[in-house]
Amino acid sequence: MKPLKLIMEGFGSYKERTELDFTVPGGNLFLIAGDTGAGKSTIFEAMAFALFDKKSSSSARDKKDWSYYLTDFAEGKKALVELSFEMGCGNVYKVSRSFNGKRGSASLVFPDGAEDQERDINKRIEEIVGLNRDEFMQVGMIAQGEFMNILKMPSNNRKEIFR
């Protein structure tokens, strides 16, 4: 999976509509850097929310209370996260999720333009990406504080994760 664009609005520290374009020409590597409190972790939380409707941090693994990420300053107390990503040979998908602290909605747009607004699109995402949330977190985004755990694993385990 190659992320192409992430849009956040009313999510965490991103009150205003913020678009991150990961398609920098020739850019196969993208660095997210900044001062403490700049919103780096929120970018990863937004990706995890868009794909799996769950928080990325292992301490909040099974919780679905997203009100923590709803910025207090969002108009109408509503948040939106939209992630466009590429799979395979140019197949572009777009997943959007919004919530107001109590209710949420989701949609998934396929490469052919068809849209799925099932109540639970998580299974479809897992089929497309080929990973569940835990596997994605291990190989796609190593959460802060978890990198050392991977370094301390036996080499066979690390090989399996990165394979």
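In what order do the elements of the chain run from the N terminus on? Coloured by secondary structure, the chain reads β-β-α-β-β-β-β-α-α-α-α, which comes to five helices and six strands; here helices (H or I, at least four residues) and strands (E, at least two) are DSSP runs, numbered from the N terminus. What you see is a predicted model, in which local features need pLDDT of at least 70 and side-chain atom pairs count only at pLDDT 80 or more, while totals for chains, interfaces and linings use all residues. Residues are numbered from 1 along each chain as its sequence is written, and side-chain values use heavy atoms, with hydrogens and water left out.

**The whole chain**

Select everything and show the surface: the chain exposes about 10,100 Å², of which carbon and sulfur atoms supply 48%, the accessible areas coming from the Shrake-Rupley method with a 1.4 Å probe and, for residues, only the protein chains shown counting as cover. Of the 163 residues, 37% count as buried, where buried means under 20% relative accessible area, exposed over 50% and partly exposed in between (1.4 Å probe, protein chains only).

**The rings**

Next select Phe-11, Phe-49 and Phe-99, which ring pairs link into a cluster. Rings of Phe, Tyr and Trp (its six-membered ring) pair if their centres lie within 6.5 Å, and planes under 30 degrees apart count as stacked, over 60 as edge-to-face and the rest as tilted. By this rule the chain has five aromatic pairs. One of them joins Phe-11 and Phe-99 edge-to-face, at 6.3 Å centre to centre and 85 degrees between the planes. Phe-11 lies in the loop between β1 (2-9) and β2 (18-21) and Phe-99 in strand β4 (residues 91-99), so this pair ties together parts that are 88 residues apart in sequence. Turn now to Phe-49 and Phe-99, whose ring centres are 5.2 Å apart with planes at 80 degrees, so that this pair is edge-to-face. Because Phe-49 lies in helix α1 (residues 40-52) and Phe-99 in strand β4, the pair ties together parts that are 50 residues apart in sequence. Phe-11 and Phe-99 are buried, and Phe-49 is buried as well.

**Helix α1**

Finally, select α1, whose 13 residues reach 19 Å from first C-alpha to last, close to the 18 Å expected at 1.5 Å a residue (1.5 Å times one less than the number of residues). The helix is mostly covered, with eleven of its 13 residues buried, among them Ile-43, Met-47 and Leu-51. Just after α1, stop at Asp-53, which takes a positive phi of about 60 degrees.
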